[in-house]
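This report takes up the fold, the surface and a few local features of one protein chain. Please keep the sequence and the model in view while reading.

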Amino acid sequence: MDGAAPGGTAVVAEWCDRCGEPEQVDTHEACRAARTFEPPRFCAYCRRRMKVQVLPTGWRATCVEHGPTEG
């Protein structure tokens, strides 16, 4: 997950957004499979636990540092 963080800053995602562990440590196959049905729980850019709201039409997750993400 590379690119711009929700705040517009160019950064490299270093953390798994489901389990919060470093991306380089494991393949995170189970995390990727689960993420097709679940919202993210951790910010991929800073590893902070996010506030997650599940909506009838999707979800909204907010990191205090990097802002909102929707899906």
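## Terms and basis

A residue is called buried under 20% relative accessible area, exposed over 50%, and partly exposed in between, with a 1.4 Å probe and protein chains only. The model is predicted, and local features need pLDDT of at least 70, side-chain atom pairs count only at pLDDT 80 or more, while totals for chains, interfaces and linings use all residues. Residues are numbered from 1 along each chain as its sequence is written, and side-chain values use heavy atoms, with hydrogens and water left out.

## Fold and surface

The protein chain holds one helix and five strands, taken as DSSP runs (H or I, at least four residues, for helices; E, at least two, for strands) numbered from the N terminus, and their order along the sequence is β-β-α-β-β-β.

Of the 71 residues in the protein chain, 31% are buried.

## Two loop residues with positive phi

His28, in the loop between β2 (10-12) and α1 (29-34), has a phi near 60°, a positive value in a residue other than glycine; His28 is buried, at a relative accessible area of 5%.

Arg47 lies in the loop between α1 and β3 (51-55) and has a phi near 70°, again positive in a residue other than glycine. Arg47 is partly exposed, with a relative accessible area of 36%.
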